[in-house]
Amino acid sequence: MSFKTGKEAQARKAAKAARPTNLVAKRTGKSAVDKGPWRCAAHRAKIVAIGCLVALRSKARTPCAGPIDPHHCRKIAPAGWGQPSDALVVPLCRKHHDEAHEGPGGERGFQERHGIDFARWIERTSAPGAAEIAKIEDRRRSLG
């Protein structure tokens with residue numbers, strides 16, 4: 001077992017304080033682009049309260065079924081960036097949520113069939129979502 005001296009502990013704290021910080025991460029928590037997905041039950045509840053996005057978009061042309069679920073949009077961030085954060089959620093009823101995961105073409109096919117752009121909706125509706133999408137786009141540009 002090794003114990004740190006007072007000077008070692010102070011040096012470690014100073015090094016940690018000197019690390020660059022991300023203002024968006026400070027305001028909204030961690031994200032898929034940072035070290036882990038941001039989680040916020042209050043944000044998910046606010047999004048779910050809006051109602052099924054398909055019903056809102058199609059004027060109930062497609063009937064909804066079941067409770068409203070927060071659908072985490074996995075296709076906004078590139079593969080390998082981990083689980084999407086709660087900032088990247090859209091409200092879907094259980095029927096449409098299942099269709100988005102298991103229907104033909106997956107999430108992208110679902111968006112095409114229903115004429116919905118999840119990223120655009122998130123940018124216009126959610127401040128944490130807009131910040132997350134901006135970070136993803138910046139990261140894509142920096143990676144080339």
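Modeller: A residue counts as buried when its relative accessible area is under 20%, as exposed when over 50%, and as partly exposed in between (1.4 Å probe, protein chains only). The model here is predicted, with local features needing pLDDT of at least 70 and side-chain atom pairs pLDDT 80 or more, while totals for chains, interfaces and linings use all residues. Residues are numbered from 1 along each chain as its sequence is written, and side-chain values use heavy atoms, leaving out hydrogens and water.

Biologist: Why is the meeting of Arg113 and Glu99 called a salt bridge?

Modeller: A salt bridge needs a side-chain nitrogen of Lys or Arg within 4 Å of a carboxyl oxygen of Asp or Glu. Arg113 and Glu99 are 3.2 Å apart, N to O, so the pair meets the rule. This bridge links distant parts of the chain: Arg113 lies in helix H6 (residues 106-114) and Glu99 in helix H5, 14 residues apart. Helices (H or I, at least four residues) and strands (E, at least two) are DSSP runs, numbered from the N terminus.

Biologist: How many salt bridges are there by this rule?

Modeller: The count comes to 6. One of them joins Asp86 and Arg39, with the closest N and O atoms 2.9 Å apart. Here Asp86 sits in the loop between strands E1 (68-72) and E2 (89-93), and Arg39 in the loop between helices H2 (23-28) and H3 (41-48), 47 residues apart.

Biologist: Is Asp86 buried or exposed, and how do you know?

Modeller: Its relative accessibility is 1%, so Asp86 counts as buried.

Biologist: Now the cysteines. How many disulfides are there?

Modeller: There are 0 disulfides. The nearest cysteine sulfur to that of Cys52 belongs to Cys64, 3.6 Å away, while a disulfide needs two cysteine sulfur atoms within 2.5 Å. The sulfur of Cys93 is 3.8 Å from the closest cysteine sulfur, in Cys64, so that gap is also too far for a bond. Cys93 is buried, at 0% relative accessibility.

Biologist: Which residues of H5 are buried?

Modeller: They are His96, His97 and Ala100. Viewed down the H5 axis, these buried residues fall within an arc of 105°, so they line one face of the helix. The arc is taken from the directions between the helix axis and the C-beta atoms.

Biologist: What makes a set of residues a nonpolar core?

Modeller: Its members are buried Ala, Val, Leu, Ile, Met, Phe, Trp, Tyr and Cys residues joined through side-chain atoms within 4.5 Å. The largest such core has 21 residues, and those with the most contacts inside it include Ile76 and Phe118. Helix H4 (53-58), E2, helix H7 (118-125) and helix H8 (127-143) each supply at least two residues. The largest share, 4 residues, comes from E2.

Biologist: Which residues is Ile76 in contact with, leaving aside neighbours within four places in sequence?

Modeller: Among them are Leu88, Ala119, Ile122 and Arg140, where contact means heavy atoms within 4.5 Å.
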